[in-house]
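Welcome! Let us walk through a protein model together, one topic at a time.

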Amino acid sequence: RRVRAGSPAVACLAMATFIIPTVLAAAGFFIIAVAGGAAVIWISRLSTKWTQFCNALTGGVLIGVSLCHMLGDNVDGLSEWGQAINKTLGGDPDESMPLGLTFAGCGFFLVVSIEYLLGGSEKQ
């Protein structure tokens with residue numbers, strides 16, 4: 001028996017080829033998340049130096065990803081708005097106000113201000 005291209009059997013087979021890898025990926029992500037949670041508990045029992053080292057490493061990864069990877073996309077994505085603002089303020093319409101960098105700086109100082117106001121900084 002021959003199966004036509006638009007038949008439900010072909011559609012079901014096509015869905016199965018996407019569902020199996022998706023379920024396997026979700027299971028893999030779940031296992032990695034549980035392992036990460038267990039690692040946090042295990043490392044916190046070792047010593048405060050290891051906890052501080054892991055916190056510093058995590059902070060470095062977050063800063064590296066945000067500043068090196070995401071900031072470039074942010075600057076490119078906001079260039080049209082930056083040109084419109086620069087033109088509105090009387091500047092050269094071909095140049096762009098650096099909105100991506102401005103928002104990144106404001107976000108950094110917002111987080112630092114919230115930490116300072118809530119008393120999260122450690123006294124040495």
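How many disulfides does the structure hold? The structure holds 0 disulfides, a disulfide being a pair of cysteine sulfur atoms within 2.5 Å. This is a predicted model, where local features need pLDDT of at least 70, side-chain atom pairs count only at pLDDT 80 or more, and totals for chains, interfaces and linings use all residues. Residues are numbered from 1 along each chain as its sequence is written, and side-chain values use heavy atoms, leaving out hydrogens and water.

The table lists some residues by relative accessible area. Buried means under 20%, exposed over 50%, and partly exposed in between (1.4 Å probe, protein chains only).

| Residue | Relative accessible area | Class |
|---|---|---|
| Cys-54 | 23% | partly exposed |
| Cys-68 | 68% | exposed |
| Leu-57 | 49% | partly exposed |
| Leu-99 | 6% | buried |

Now to the surface. Leu-57 lies in helix α2 (helices are DSSP runs of H or I, at least four residues, numbered from the N terminus). Leu-57 also belongs to a nonpolar patch whose members include Trp-42, Phe-53 and Met-70, with about 860 Å² of accessible area together. Patch residues have over 30% relative accessible area and no salt bridge, and nonpolar side chains are joined within 5 Å. A salt bridge is a side-chain nitrogen of Lys or Arg within 4 Å of a carboxyl oxygen of Asp or Glu. The largest share of the patch, 6 residues, comes from α2.

Leu-99 sits in helix α4 (residues 99-117). Beyond its neighbours within four places in sequence, Leu-99 is in contact with Leu-78, Trp-81, Gly-82 and Ile-85, where contact means heavy atoms within 4.5 Å.

Key:
Patch = residues over 30% accessible without salt bridge, like charges linked within 9 Å, V, L, I, M, F, W, Y side chains within 5 Å. Areas by Shrake-Rupley, 256 points an atom, 1.4 Å probe, with all protein chains shown as cover. Helix = DSSP H or I, 4+ residues; strand = E, 2+ residues; numbered from the N terminus.
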